[in-house]
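Here are my notes for a colleague who is new to this entry. Please read them alongside the model.

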Amino acid sequence: MRLQFRGLRALALGASALTSLAGGQALAQQAASQPADASTIEEVVVTALKRSTTVQTTPISVSAVTEKSLQALGASGIQDYFRTVPNLQVDGNSPTSRRLTLRGVRSAGEATVGLYYDETPLTGPAGTTADASSTSADVNLFDAERVEVLRGPQGTLYGSGSMGGTLRVILNKPDSSRYAGAVEAQGTSTKGGNAGYSVKGMVNVPLIEDKLAARLVLYKTEGGGYVDNVLLNKKNINDQHSSGGRLMLGFTPTENLTINASGLFQKTTLDGQNSWYPALGKEEYNTNARVIAPTSDNLRLYNVTGKWDLSFATVTATSSYYKWTLLRNSDYSPTLSGSRANATSCRNWVAGGPAATGSTNPACTASQLTAYTAYADSRTPGALYQPMGLTSWNHELRATGSLFDDKVDWTAGVYLEKRDDYIESKVAKGDAATGIINPNDLTAWRHVGTETKQTAFFGEVSYKPIEKLTLTGGLRRFNYDKTVSGQVLISNFITQSYVGPAAQVDASADGWVSKLNASYQVTSDVMVYAVAAKGFRPGGANNVPGLASALLAYQPDSLWNYEGGIKSQWFDRRLTLNAAAYQIDWSNMQISATSANGAFSYLTNAGKAKIKGFEVEAVARPIRGLTLQATAAIVDAKLTEDQANSTILITGSTGLRGDEFPNVAKYSGSASAEYTWPLNGDLNGLVRADYAYVGESASQFRPTYVYYEKQGDYGYANLRAGVEGADWGAYLFVNNVTDEVGLMSVTSAVNNKQQVVSINPRTAGFSVRKRF
């Protein structure tokens, strides 16, 4: 049986029945944590505007997922909660492939969603394709205070990379007033796969009462794999392993000064690919990839943040350094096999290099083509073996304050980022019998490095001309310089990449980002607001073999977001309902194009787009102990101009005016119900059901393109039940109860059958937690 909604109608009906929205996740769970006779939904404090406000008084579209919400969902990472936040999308399901999207603002290049862990913005490496947005960090959420999701451009306060919105993970800080600790353990069993487990712990120790404290978090998780390689006869190749922790020191030398220092580490490895091929038979989750392609990421992050409360302002200074190394692997055999009889590749292989300018190498003879084909076959199976990494320094100094009896709130600051990243893109030989990759047996090797420096000055001012009306204006002046260098160190004659001298391309730009906001507090429980905000991303440079000089550099792109929303609470605050409608105009889009031989991707600017959408969140407590919540979102994202310029030919895959965005579902939503009741003393029973729906999307812009695929249109349910005491809990759960095979992505290419990534099969388990 498939538990699905067809379109948004059922979700809209569910949202209407539950009648509540926007502070959704946080509010529902805080309400559920109250005593059994509590009936109102408590508000959650957020720092989305870089000062403390509540969700309901923050005049932007923001969701807050609290620690209690994360526990109720059993969430340890982004994949576990993102579908409960309207218009938040995560593509990819491996450590080195995870793209965040808000409101359909999705394309290759620098990130379109700013990702922050406390005060640190984390950006992935650019790789060979300058696509930094394809990788996003996913730090374990154990002992996280909350997650804030800010939808719409946040450029004035959060800078580039926030043109679609910002996701902020706020971690619990050291407490110098008391000892505290927590432990959590979980075991899982995945249908058709391996068992998994996790163990996590936290201890908070006051070192000097009310002055100095330390907080230590450690965790280890093992995720059971379920994809089988039928060619190599290996089962459950996508086992995942993660371990990490963080140490935080909190120092309060005076009442007005707080200094927090932290060090965070996490290492995650995936034994093999998550993708599989439906064409292999009736059984799902099978692949016949010719290599086992492990991936991994290793993150080290250090931060020092000081807050000084002055009489007229609060000054915050923060400095971060992080080092992030990754290994990205994939089966490259289909690409190598696709050029095994290519005449140009053969001609240049015989000559030992490409033709000189103004001349051509002689054509291959039949015997030479036979020899070349034998050489190409000898290099398969092969893997695209890509160790990569980056180091980044991030500094920000800002001040916030109020004037004229709180009629004026202001924020002003400066920002500096220096980021260096690299990738060693190699084609390595694999063993045909075992699929094991030999990184020392190389068919090709290309190095690409990127140096980025960004500086900015920013500020926002809010003014209340009358008691209920607030007007806000924001500006950010940005400047960036980017240098991309690269060199082919070992020729790949099969895909036509040849050894040559090192090359370097520079790109830079500066400009302004602005924001206007007006909000009106109709009553103490109802606020309406309107926003016009600009978002931007830096441009950059490509380093691709054989790329025309006109395509080496690409320009920044930008968009304007126009939005109107309402935040409201009803029936003595038993119901919270928030909604927003928006239109986004996106120009000079950065897009991913493919080289003439199809072997390399690069970035360029082409086309315009318009995105229209609506989002709603609701949370209600109709009776004692029962919490209902729902979200729903509509995204209509279409090109308003062909994705073509003077150097790009329109092909079967090129997006044309009127085409819908690929990989963006038009309809999505979620619903949940949680009921708690007293059992004995402080012991409560709990049952919870969650449902998520993802509508249909496509893999390409052009419906007529030969590799155009449909994906999505699936729904799945999770169930959870348990008993809870004042400081402990024990639970049983089943995720994906109906064992839905939900296809998150579907791709195909030359000499490659349909390849899919899906949600996890039905997984059952238990968890226990204890606080002390």
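1. Start at the end of a helix. Gly352 follows H7 and has a positive phi, near 80 degrees. Helices here are DSSP runs of H or I with at least four residues, strands are runs of E with at least two, and both are numbered from the N terminus.

2. This is a predicted model, in which local features need pLDDT of at least 70, side-chain atom pairs count only at pLDDT 80 or more, and totals for chains, interfaces and linings use all residues. Residues are numbered from 1 along each chain as its sequence is written, and side-chain values use heavy atoms, without hydrogens and water.

3. Now the other end of H7. At its start, a side-chain oxygen of Asn342 comes to within 3.0 Å of the backbone nitrogen of Thr344.

4. Which residues of H7 are buried? H7 spans residues 343-351, and its buried residues are Ser345, Cys346 and Asn348. Buried means under 20% relative accessible area, with a 1.4 Å probe and protein chains only. These buried residues pack against helix H8 (366-378).

5. The protein chain holds eight helices and 39 strands. Of its 772 residues, 55% are buried.

6. The radius of gyration, taken over C-alpha atoms, is compared with a globule rule of 2.2 Å times the number of residues to the power 0.38. For 772 residues a compact globule would have a value near 28 Å, and the 26 Å of the protein chain agrees. The C-alpha atoms fill a box of roughly 85 × 55 × 55 Å along the principal axes.

How values were computed. Buried means under 20% relative accessible area, exposed over 50%, partly exposed in between (1.4 Å probe, protein chains only). Contact means heavy atoms within 4.5 Å. A polar contact is a pair of N or O atoms within 3.5 Å; within protein, one must be able to donate a hydrogen and the other to accept it, and residues adjacent in sequence count only if both atoms are side-chain atoms.
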